Amino acid sequence: MTAPIQKSDASATPAGASAGAAGAAVPRQRAVRKGSGPAPAPAREGVVLNVFSHGFLAVWALLIVLPLLWLVLSSFKTDSQIAGSAFGWPSNWSFDVFSRAWNKGIGDYFLNTVIVLVFSVPLTMLFGSMAAYVLARYQFWGNRLIYYFFVAGAMFPVFLALVPLFFMVKMLGMLNTYQGLILVYVAYSMPFTVFFMHSFFRTLPTAVFEAAVLDGASHTRAFFQVMLPMAKPGLLSVGIFNTLGQWNQFVLPTVLMQPQTGDDPERYVLTQGLIQLQQQQGYETDLPVLFAGVTIAMIPMLVVYLSFQRQVQAGLTSATLK
């Protein structure tokens with residue numbers, strides 16, 4: 001009599017337990033389903049954000065590329081085509097207009113600009129890196145004061161210094177000279193260079209410098225052979241920015257590169273030369289020469305930036321993270 005009772009109790013107990021487990025599993029499944037419901041919402045928001053950002057970048061690219069394309073195409077047109085339809089397609093693809101623009105002075109202006117930048121950019125990078133390295137790695141009285149002095153120089157408008165700068169360069173006898181413009185370019189670009197390179201030198205590993213010193217390297221040798229190569233991304237990025245800024249500079253050459261007497265040669269740089277060419281073509285009605293001159297001045301900077309765009313982006317990213 002007891003055996004059936006024990007069997008019925010044993011059979012009833014697992015059934016109750018399974019029913020309880022099943023009852024407890026249902027709320028868990030509902031909870032999981034409820035928790036997994038809103039998951040696709042962030043994905044949709046990310047898609048919308050990507051579409052918006054890519055669309056904005058596409059519009060921005062068109063705003064940059066289309067004017068450049070229009071400028072280059074206008075170089076192959078004639079005056080009648082430019083006057084008739086500014087957005088029309090050129091009918092004659094002749095490169096003779098570029099030789100005319102080169103012979104009308106663009107060649108001399110181009111050479112003057114290259115001579116100035118060959119000296120000004122390396123000197124800016126050398127002196128700026130040395131100043132940034134000392135301010136970043138050595139602690140001394142007045143360190144932060146000198147650093148903020150450089151930072152303040154980057155925010156100082158150049159227009160406020162034109163008059164005293166003109167008389168200072170004139171007192172040195174360097175008006176309308178390459179060396180005068182080179183020194184002014186170096187001083188003008190130093191604040192940004194020091195500010196940009198300061199962050200790189202602050203985060204370079206100290207152990208590498210200490211190892212070089214223990215091996216017998218002096219501070220100068222450790223800087224040029226150890227620390228400076230480690231800051232190569234920053235040097236390349238700030239070098240590109242200095243090249244672009246000095247190549248497109250107009251205010252400083254206009255003030256400092258004017259012939260003082262009738263016997264002085266014209267050492268105009270490209271930005272001044274393009275203004276001269278514009279004034280000439282206003283009377284001669286040869287607008288394609290002006291467009292060709294602007295194209296010649298624009299191509300080197302496009303080549304430089306497109307060749308080093310990855311390095312520039314890497315340097316900017318490193319500076320931001322540091």
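Guide: Begin with burial: of the 322 residues in the protein, 34% are buried. Keep in mind throughout that this is a predicted model.

Visitor: How many helices and how many strands are there in the protein?

Guide: The protein has 14 helices and zero strands. Read from the N terminus, the elements are therefore α-α-α-α-α-α-α-α-α-α-α-α-α-α.

Visitor: What share of contacts in the protein joins residues at least 24 apart?

Guide: Counting contacts between residues at least 6 apart in sequence, 75% join residues at least 24 apart. Two cases follow. Leu 68 sits in helix 2, which spans residues 40-74. Beyond its neighbours within four places in sequence, Leu 68 touches Met 298 and Leu 302. Leu 68 counts as partly exposed because its relative accessibility is 29%.

Visitor: And the second case?

Guide: Ala 297, in helix 13. Ala 297 and Ile 106 are 191 residues apart in sequence, and their C-alpha atoms are 8.4 Å apart. With neighbours within four places in sequence left aside, Ala 297 is in contact with Trp 247, Leu 270 and Leu 274. At 10% relative accessibility, Ala 297 is buried.

Visitor: How should I describe two helices that pack together?

Guide: Two packed helices are described by the angle between their axes and the distance between the axes. Take helix 10 and helix 13 (residues 287-307): their axes are 11 Å apart, at an angle of about 170°. Helix 10 is therefore roughly antiparallel to helix 13. On the helix 10 side, the contact involves Ile 240, Thr 243, Leu 244 and Trp 247. Helix 13 contributes Ala 297, Pro 300, Met 301, Val 304 and Tyr 305.

Visitor: At roughly what angle do the axes of helix 4 and helix 9 cross?

Guide: They cross at roughly 85°, and the axes come within 12 Å. Helix 9 covers residues 219-230. Angles from 65 to 115 degrees count as roughly perpendicular, so helix 4 and helix 9 are roughly perpendicular to each other. From helix 4, the residues that meet helix 9 are Leu 126, Ser 129, Met 130, Tyr 133 and Arg 137. Their counterparts in helix 9 are Phe 223, Phe 224, Met 227 and Leu 228.

Visitor: Which residues do ring pairs link into a cluster?

Guide: The cluster consists of Tyr 133, Tyr 138, Phe 201, Phe 223 and Phe 224, linked by ring pairs.

Visitor: How many aromatic pairs does the structure hold?

Guide: The structure holds 19 aromatic pairs. One of them is Phe 110 with Trp 247, edge-to-face, with 5.5 Å between centres and 80° between the planes. This pair links distant parts of the chain: Phe 110 is in helix 4 (residues 96-137) and Trp 247 in helix 10 (residues 232-247), 137 residues apart. Trp 247 is buried, since its relative accessible area is 7%.

Visitor: What is the geometry of the pair formed by Phe 149 and Phe 150?

Guide: Phe 149 and Phe 150 are also edge-to-face, at 6.4 Å centre to centre and 75° between the planes. Phe 149 is exposed, with a relative accessible area of 65%, whereas Phe 150 is buried at 17%.

Visitor: Which residue lies over the face of Tyr 178?

Guide: Arg 267 does, at 5.4 Å from the ring centre.

Visitor: How many salt bridges are there?

Guide: The count is one salt bridge. The side chains of Arg 100 and Asp 96 form it, at 3.1 Å from N to O. Both residues belong to helix 4 and lie four residues apart, about one turn of the helix. Arg 100 is partly exposed at a relative accessible area of 30%, and Asp 96 is partly exposed at 40%.

Visitor: Where does Asn 176 lie?

Guide: Asn 176 lies in the loop between helix 6 (162-171) and helix 7 (178-202). Its phi is near 60°, a positive value in a residue other than glycine. Buried means under 20% relative accessible area, so Asn 176, at 2%, is buried.

Notes
Residues numbered from 1 in each chain as written. Predicted model: local features only at pLDDT ≥ 70, side-chain atom pairs only at ≥ 80, totals over all residues. Heavy atoms only, no water. Phe/Tyr/Trp six-rings, centres within 6.5 Å; stacked < 30°, edge-to-face > 60°. Helix = DSSP H or I, 4+ residues; strand = E, 2+ residues; numbered from the N terminus. Buried < 20%, exposed > 50% of the residue type's maximum accessible area, 1.4 Å probe, protein only. Lys NZ or Arg CZ within 6 Å of the ring centre and 35° of its normal. Salt bridge = Lys/Arg side-chain N within 4 Å of Asp/Glu carboxyl O. Axes fitted to C-alpha atoms, helices over the stretch in contact; angles between N-to-C directions. Parallel < 35°, antiparallel > 145°, perpendicular 65-115°, else oblique. Contact = heavy atoms within 4.5 Å.
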